[in-house]
Amino acid sequence: MPTPIILDCDPGTDDAFALLLAIASPEEIDLLAVTVAGGNVGLDSTLPNALALVALAGSAVPVYAGADRPLLGAFESEVRVHGEDGLGGVVLPPGGPATPGIAADAIRRIVRESPAPVTLVGIGPATNLALAIMTEPAILSNVDQIVLMTGAWAEGNRTPAAEFNAWSDPEGLAVLLSCGRPVVMATLELTAQALCTPAHLAALRGAGNRRCLQAICDIQATVPLSRRLNGAGAPLHDPCAIAYLIRPNLFTTRACSAEMDLGPGPSRGRSLVDRWDRTGRAHNVILLETLDSDGFFDLLAERFVRLP
Ligand code: BDR
Ligand code: CA
């Protein structure tokens, strides 16, 4: 049986990969809804981007608008990586309208009504998922697990201490980490192994000439090569979370504990991942540690050629 999921996202160049990978994988993933937050760029761009990607893929999955800012503090975007519009300036045909309703309400209703436990997947700021849980904690009994691209166990990418999604809404992420359900974390150390080099991108583009595959390659071609990773490529962070649900055997994992630095100082938004059980805290996280990179890129090509 495919895993029922809700995908909470902020497209976002690598969010686009995750969304299309989920749509292209119905054997493993039953995509119940897409919920959208402001993150990489404002909600006024992430929402139309999600709608356009869903339409491009010919999917009828409902898309809900969510939070345009974190639980606390001000909204800040990440246009240096994703461009002013979130998709590197690649213009897609506009999608349909968003489904009426608010993301957190939709998450609560869908989880409450689902006959099977739902997996919540978060690849942006944690705000929508946190709001749903804070306002109706009883839904957690029907949440199987929470799979996130977030955090880092060493250094960040938004600040020296903090990864972008974790930094964007640290309080929201703290809600998820302390909710009592297992949280799977694809951190920056994991996603560095999903490094899309120019050679990977050329191979992906050559896999077929269908519109989704070509659009996703056009989008990725706009992403600057990562200085943090010696300019060798640009990491495909977000599709790691979806790939874990499709092919968990591409990953090795470690159970550990993690908590957030919520202080106001320079370490705000840091995820403190206790890989060596130094704190003695109960394990609340399944950390994704290694990725079979070749298997990951093979999976992307195999699935994207299925799309229109
Ligand atoms: C994360 O931040 C965003 O810029 C990406 O879409 C990804 O979700 C990586 O730090
Ligand atoms: Ca994202």
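Is D105 buried, exposed or partly exposed? With a relative accessible area of 37%, D105 is partly exposed; here buried means under 20% relative accessible area, exposed over 50%, and partly exposed in between, using a 1.4 Å probe and protein chains only.

This is a predicted model, where local features need pLDDT of at least 70 and side-chain atom pairs count only at pLDDT 80 or more, while totals for chains, interfaces and linings use all residues. Residues are numbered from 1 along each chain as its sequence is written, chains are lettered from A and ligands numbered from 1 in the order in which they are written, and side-chain values use heavy atoms, with hydrogens and water left out.

**View 1. R108 and D105 pair up within helix α4.** The closest N and O atoms of this salt bridge are 2.8 Å apart; the term covers a side-chain nitrogen of Lys or Arg within 4 Å of a carboxyl oxygen of Asp or Glu. Both residues sit in α4 (residues 103-113), three residues apart, or about one turn of the helix. Helices are DSSP runs of H or I with at least four residues, strands are runs of E with at least two, and both are numbered from the N terminus. R108 is buried, at 15% relative accessible area. Side chains of opposite charge can pair when their charged atoms come close.

**View 2. R69 and D68 form a salt bridge.** Their side chains meet at 2.8 Å, N to O. R69 is exposed, with a relative accessible area of 52%, and D68 counts as partly exposed at 38%.

**View 3. E259 and R281 join up through a salt bridge.** The N to O distance is 3.3 Å. E259 belongs to strand β9 (residues 251-260) and R281 to the loop between β10 (271-274) and β11 (285-291), so the pair ties together parts that are 22 residues apart in sequence. Both ends are partly exposed: E259 has 29% relative accessibility, and R281 has 38%.

**View 4. Here is a network of salt bridges.** Linked in it are E27, E28, R247, E302, R303 and R306. Across the structure there are 17 salt bridges.

**View 5. L291 is a buried residue in strand β11.** Its relative accessible area is 9%. Leaving out residues up to four places away in sequence, L291 touches L190, Q193, A194, C240, L250, F251 and F296, where contact means heavy atoms within 4.5 Å. T191 is 100 residues away from L291 in sequence, yet their C-alpha atoms are 8.1 Å apart in space.

**View 6. The largest pocket holds about 650 Å³ of space.** Its lining has 26 residues, and E78, V81, N157, S226 and R228 are the closest to its centre. Elements giving two or more residues to this lining are α1 (13-23), α3 (79-82), α6 (164-168) and β8 (234-235). By class, the lining of the largest pocket has nine nonpolar, seven polar and ten charged residues. (A pocket is an open set of points on a 1 Å grid over the protein atoms alone, where a 1.4 Å probe fits, with protein on both sides within 12 Å along at least five of seven lines; lining residues have an atom within 4 Å of a point.)

**View 7. The second largest pocket has about 180 Å³ of space.** Of its 15 lining residues, P70, L72, A74, W167 and S168 lie nearest the centre. This lining divides into seven nonpolar, five polar and three charged residues.

Methods: Points joined across faces, edges and corners; volume = space filled by probe spheres on them. Nonpolar A, V, L, I, M, F, W, Y, C, P; charged D, E, K, R; others polar.
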